[in-house]
Structures are given as C-alpha cells and as structure tokens.
Amino acid sequence: MENVIILGTGISGCTAAIYTARSNLKPLVISGPEDGGQLTLTTEVENFPGFIHGVQGTELVSNAKQQAERFGARFKVDIASKFNPIKDGYELELTSGEKIQTKTLIISTGASARWLNIPSEEKFKGRGVSSCATCDGPFYKNKHVIVIGGGDSAMEEATFLTKFASKVTVIHRKDKFTASKIMQDRLLANPKCNVIWNKTITEFQGEKTIKSVTLEDTKTKEHTSFACDGVFLAIGHIPNSTIFKDQITMDALGYIQTDRFTKTNLEGVFACGDVQDTRYRQAITAAGSGCQSAIEAERYLAEKGIH
Ligand code: NDP
C-alpha cells in the first residue's frame, strides 16, 4: 500500500509531491488527462514571487516536477477513474485497469475549461472554436478573432492573441469586466483590441471553419450576425471532481469542500489547488495549498503511527 497518492501534476500536485518526497513518503503522482495542469496552457506568469521578469507557465510546472523527482517522487501517466474507501485507506482504479491502494490521498485534479454548451459548438471545436489561446493562437495570423469572457483569462488571452491576429474583439455578457484593473487597462490600451458589451453567442456559423457567430443582446434579446475567423472561450473552469461524487463533500458546482487544513470529509484525504478553490485560483495559492496538504498527510500518517 502506498503512503500517499497525489492526483494531478499541476502546480498544487507538484508542490505536494516536493513536500511529501522530502518527508520521505515516496509519493506516487498520477498525471491525469491534462499533464502539468492549467499553467501549461498559459504563457508568462508575472505574479509568481521570485521571478522578477516572470516565468513561462510550462517552465514553472516542469521545474516543480523535476524538483519533486529529485527527492524521490514517482510520476505515472494514467487517469484515476474510480475511488473507493477500503480498510485502512483507499483504492483507486486507473483507466489502464490497474488498482492501487493508498493510506492517504491528495486530490489536486484542478479544473478544466468551461464551454458554452450550445448546439453548434461541438461541430466547430478545433475548427474555429478553442479554449486555449496559447495552443491555437498561432493559427490566426492576420485574422479577426473573438474572445468571450470578462475575467483575467479573457484579458490575458485577448492581449496574447494580438501577437498573431489583426483584430481581437472581446465580447462580454455584462457592461463591465471582473478582471483585475492592470489587465483591463492593458487590453483597453491595445490598438488591436475592441470590446462589445452585453452580448452572448447563441450560434457558430461557417462551413469547414467558422465564418460568423450569432450574437444575442442580453438586454433587448435582439440577434445580429458578426463576422470572425475564430472564437476563443475564456469563461471560467469546472472542477475535476466527478470520480469523488457521492463520497466526498462538494458544493453545487463540484468544488471539493475542505477545512482550513485542506482536509476533506474523509479521513486521510486532502484536496488542494483549483479543485477546491472558488476564491483565489492563483498559481501561488495552488502551490500553497499543495504544501498544506502534504504537511497534513505527513502529520496524519505520523499521528496514526502508520509510517
Ligand atoms: P472568471 O470566473 O474570473 O471569469 C469568467 C468570465 O466568463 C466572467 O466574465 C463571466 O461572466 C464569463 N462567463 C462565464 N460563463 C459564461 C457564459 N456561459 N457565457 C458568457 N460568458 C460567461 O474566470 P477566469 O478564467 O477569467 O479567471 C479564473 C481565476 O484565475 C481568477 O481568479 C483570475 O484572477 C485568475 N487568473 C489570473 C491571471 C493572472 O493573474 N495572470 C490570468 C488568468 C486568470 P460573468 O461575470 O457575467 O459571470
């Protein structure tokens, strides 16, 4: 039986791996479907302390993984599909069919991009509709793209897309953004960016790729057609907690509920990072909660006298 299994290799999981490895717990880290987490989908991280000129998200998380490996953490590429309490611990079933038992579990499965869930979206996913500007931005050289959303992600993605696109239109369903002021100001000062307020997309149109979208005015409900070459969604995230449903306490949106020590309702199960954070959702807070979970798992094992 493992001492500790960590689910997820984002910055929270990698931090938990560094701490549990340095405590000689020999953690096993399961990567999940989005290896490296959300930081691998971003460009420069400007607000992680210690990097005067910022750091690339992929570099930050890759370094954290290598740092954990240096202390003995083991990383495994697989996906946990089932979770069950057993005597003295928990069992995870992986999509490969393997079953592993563990005395403690740290859930750092993060959150994944939210989609609009309108009928035509599926048809154009990867053919004009994207949720990752870093991944797909270079395909839109000298094109006109739309970014949907009004938070920090929308500001960041729109500003990033101006490196490629000739024009970036941000469409938001309200009349003001929720993004931080510095990121709003950066967007509004960019001559390639413009904003359309109080509109949502109700349909994507095109043939092989997108040619236009139908916009609905959130006040008048009037519909208009708007030409564009691509649409980037930056409308928030959904926590990856499905396999714990009915066993671990979560809120209505699926965020795992923890106390201030990152403990869940199950003994020896801790959650950190974006799967349990509805409030901060920053790289630094994810890393911080990963550290907390690791220390709590170590204390739990010591108190039980099982390590
Ligand atoms: P947010 O939840 O902050 O914002 C989501 C945005 O999408 C809101 O404007 C919301 O509008 C809109 N939205 C949600 N659903 C829909 C829908 N169905 N149709 C149209 N619009 C919709 O998510 P973010 O991903 O922007 O940010 C998450 C966290 O990550 C935040 O804490 C943010 O600060 C942080 N972050 C920090 C960065 C940095 O500091 N460098 C970069 C990126 C993110 P409404 O307001 O109407 O709900």
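How many residue pairs are in polar contact between domain 1 and domain 2? The count is one, with both residues at pLDDT 80 or more. The close-ups below come from a predicted model.

**View 1. Domain 1 meets domain 2.**
Six residues from domain 1 and seven residues from domain 2 make the contact. About 530 Å² is buried between domain 1 and domain 2. Carbon and sulfur atoms give 49% of that area.

**View 2. A salt bridge spans the domain interface.**
One salt bridge is found across the interface of domain 1 and domain 2. On the side of domain 1 that touches domain 2, two residues are nonpolar, two are polar and two are charged. R186 pairs with E46 in a salt bridge. Their closest N and O atoms are 3.3 Å apart.

**View 3. T20 sits buried in helix α1.**
T20 belongs to helix α1, residues 11-22. Its relative accessibility is 0%, so T20 counts as buried. A polar atom of the T20 side chain lies 2.7 Å from the backbone oxygen of A16. Leaving aside residues up to four places away in sequence, T20 touches V4, I6, L25, K26, P27, I106 and A294.

**View 4. G36 is buried in a loop.**
G36 lies between β2 (28-30) and β3 (44-45), in the loop that links them. Buried or exposed? With a relative accessible area of 6%, G36 is buried. Beyond residues up to four places away in sequence, G36 touches T9, G10 and V61. I11 is 25 residues from G36 in sequence, yet the C-alpha to C-alpha distance is 7.3 Å.

**View 5. Helix α5 packs through its buried residues.**
Helix α5 covers residues 152-161. Its buried residues are A154, M155, E157, A158, F160 and L161. Helices α4 (133-136) and α6 (181-188) are among the elements they pack against. The strands β11 (144-148), β12 (167-171), β13 (193-196) and β17 (230-233) are also packing partners. An α-helix has 3.6 residues a turn, so residues three or four places apart point the same way.

**View 6. D217 and K199 pair between strands.**
The structure holds eight salt bridges. One of them joins the side chains of D217 and K199, at 2.9 Å from N to O. D217 is in strand β15 (residues 210-217) and K199 in strand β14 (residues 199-206), so the pair ties together parts 18 residues apart in sequence. D217 is buried, at 13% relative accessible area. K199 also counts as buried, at 17% relative accessibility.

**View 7. K304 in helix α7 reaches a loop residue.**
K304 and E267 form a salt bridge, with the closest N and O atoms 3.3 Å apart. K304 lies in helix α7 (residues 283-304), and E267 in the loop between β18 (237-239) and β19 (269-271), so the pair ties together parts 37 residues apart in sequence. At 43% relative accessibility, K304 counts as partly exposed.

**View 8. K87 and D88 form an exposed pair.**
The side chains of K87 and D88 meet in a salt bridge, 3.3 Å from N to O. K87 is exposed, with 69% relative accessible area. D88 is exposed too, with 57%.

Conventions:
Residues are numbered from 1 along each chain as its sequence is written. This is a predicted model: local features need pLDDT of at least 70, side-chain atom pairs count only at pLDDT 80 or more; totals for chains, interfaces and linings use all residues. Side-chain values use heavy atoms; hydrogens and water are left out. Helices (H or I, at least four residues) and strands (E, at least two) are DSSP runs, numbered from the N terminus. Buried means under 20% relative accessible area, exposed over 50%, partly exposed in between (1.4 Å probe, protein chains only). A polar contact is a pair of N or O atoms within 3.5 Å; within protein, one must be able to donate a hydrogen and the other to accept it, and residues adjacent in sequence count only if both atoms are side-chain atoms. Contact means heavy atoms within 4.5 Å. Buried area is the accessible area (1.4 Å probe) that two parts lose on being put together, summed over both. A salt bridge is a side-chain nitrogen of Lys or Arg within 4 Å of a carboxyl oxygen of Asp or Glu. Ala, Val, Leu, Ile, Met, Phe, Trp, Tyr, Cys and Pro count as nonpolar, Asp, Glu, Lys and Arg as charged, and the others, Gly among them, as polar.
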